[in-house]
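Visitor: I have a model open and some quick questions about it. Can you bring it up?

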Amino acid sequence: MAADAVVATYSIVACDLDAGQWGVAVQSKFLAVGSVVPWAEPHVGAIATQSYANPRYGPDGLALLRDRKSAQETVDALTSADEGRDERQVGIVDAQGRAATFTGSGCHDWAGGRTGDGYAAQGNILVSRDTVDALATTFEGNGHLELAERLIECLAAAQAAGGDRRGQQSASLLIVEKDAGYGKLSDTVVDLRVDDHERPVAELRRIFGLHRELFGTTPPEDWLDVDPKLAEELRERLAGLGFEGELDRAFGDWAGTANLEERVDGVERIDPVVLEALRKGRG
């Protein structure tokens, strides 16, 4: 394999069984790392394949997990069938939250992994093992966070601990949950990629904030009733943005233009995030 094909990186695969979510977060001195490393399927598992990555570990590993193989059994099956395993690295979490990680003897130092309840952390060409330890301890210490935010915190802590000794370039975050994606018609809850950036983890955090603004949820009890006064304000603001006519139609047209349609459910009540966006004149 060509030398420039190495996916030297650090990653964490993890799950939140209570939320029914599985995910992968990864950072590397490698262009568009999110196109190679992360794989996940709800109620099946999550996989990170890296270090002279074998992309077949993704679909083949998910197939094994779908057949009720454990994370360790899946790692064993993938690596035993791969003549290039000495240069590979892979981390897997299965449907029950069991985890396994593998680092081939030919991976570039520092290389290794660590597992715990519901996660596998691994990396290669790292400054030291402190990077993987930071992934693990940060995951363990942030169980109060939703999985996506928890994994971003892991990447940030790992970078602060040293990260990839070649530097930074790309990062990605993948979170899956059954029927919880866009329009409840997809299993992909979050799929964000920073392909080439001087500070990819910081940029990933920024675009995740945008993702949460557009596609997040506000508890129903925090929504506002649209009384006559607020309805008049909505009409005026919508008209100022070029959306006139019946309020419900104008409001829906604006929300779609502003990419906020996932936060709209009629016009009798309004999500405060949507109201703030309208007041700022987005669209």
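Visitor: Which residue in E4 is the bridge partner of Trp 39?
Guide: Ile 47 is the bridge partner of Trp 39. Before we go on, this is a predicted model, with local features needing pLDDT of at least 70 and side-chain atom pairs counting only at pLDDT 80 or more, while totals for chains, interfaces and linings use all residues. Residues are numbered from 1 along each chain as its sequence is written, and side-chain values use heavy atoms, with hydrogens and water left out.

Visitor: How do E3 and E4 pair?
Guide: Strand E3 (residues 38-41) runs antiparallel to E4, over four bridges. Two strands count as paired if DSSP finds at least two bridges between them. Strands (E, at least two residues) and helices (H or I, at least four) are DSSP runs, numbered from the N terminus.

Visitor: What's in the turn?
Guide: E3 and E4 form a hairpin with three residues between them. His 43 in that turn has a positive phi of about 60 degrees.

Visitor: What is on E4's other pairing, with E5?
Guide: Six bridges link E4 to strand E5 (residues 89-94), again in the antiparallel sense. Ala 46 stands opposite Val 93 there.

Visitor: Why is E4 called largely enclosed?
Guide: Six of the six residues of E4 (residues 45-50) are buried, so the rest of the structure largely encloses the strand. Buried means under 20% relative accessible area, exposed over 50%, and partly exposed in between, using a 1.4 Å probe and protein chains only. Gly 45, Ile 47 and Thr 49 point one way, and Ala 46, Ala 48 and Gln 50 the other.

Visitor: New topic. What is the strand order in the six-stranded open sheet?
Guide: The order is E7-E8-E1-E2-E9-E10, with antiparallel pairing. Strand E7 (112-116) and strand E10 (188-194) are the edge strands, each pairing on one side only. From one strand to the next, the twist averages 5 degrees. Angles run from 0 to 180 degrees between N-to-C directions, with axes as lines fitted to C-alpha atoms, for helices over the stretch in contact.

Visitor: Which strands does H4 touch?
Guide: Helix H4 (residues 147-160) packs on the sheet and touches E1, strand E2 (21-28), strand E9 (170-177) and E10. Its direction makes about 25 degrees with that of E2. Helix H5 (residues 200-215) also packs on the sheet, touching E1, E2, E9 and E10. The direction of H5 makes about 140 degrees with that of E10. Contact means heavy atoms within 4.5 Å.

Visitor: How many residues are in the largest nonpolar core?
Guide: It has 28 residues. Those with the most contacts inside it are Ile 12, Leu 135, Phe 139, Leu 151, Leu 173 and Leu 204. E1, E8, helix H3 (130-140), H4, E9, E10 and H5 each supply at least two residues. H4 gives the largest share, seven residues. Apart from this core lies another, of 20 residues, including Leu 234 and Trp 254. A nonpolar core is a set of buried Ala, Val, Leu, Ile, Met, Phe, Trp, Tyr and Cys residues joined through side-chain atoms within 4.5 Å.

Visitor: On to H7. Which residues are buried there?
Guide: In helix H7 (residues 247-257) they are Leu 247, Ala 250, Phe 251, Trp 254 and Ala 255. They cover an arc of only 130 degrees around the axis, which puts them on the same side of H7. The arc is that of the directions from the helix axis to the C-beta atoms. Asp 248 and Arg 249 are exposed on the face turned away from the buried side.

Visitor: What covers that buried side?
Guide: The cover includes helix H6 (228-240), strand E12 (269-270) and helix H8 (272-279).

Visitor: Last one. How much of the whole chain counts as buried?
Guide: Of its 283 residues, 49%. The chain has eight helices and twelve strands.
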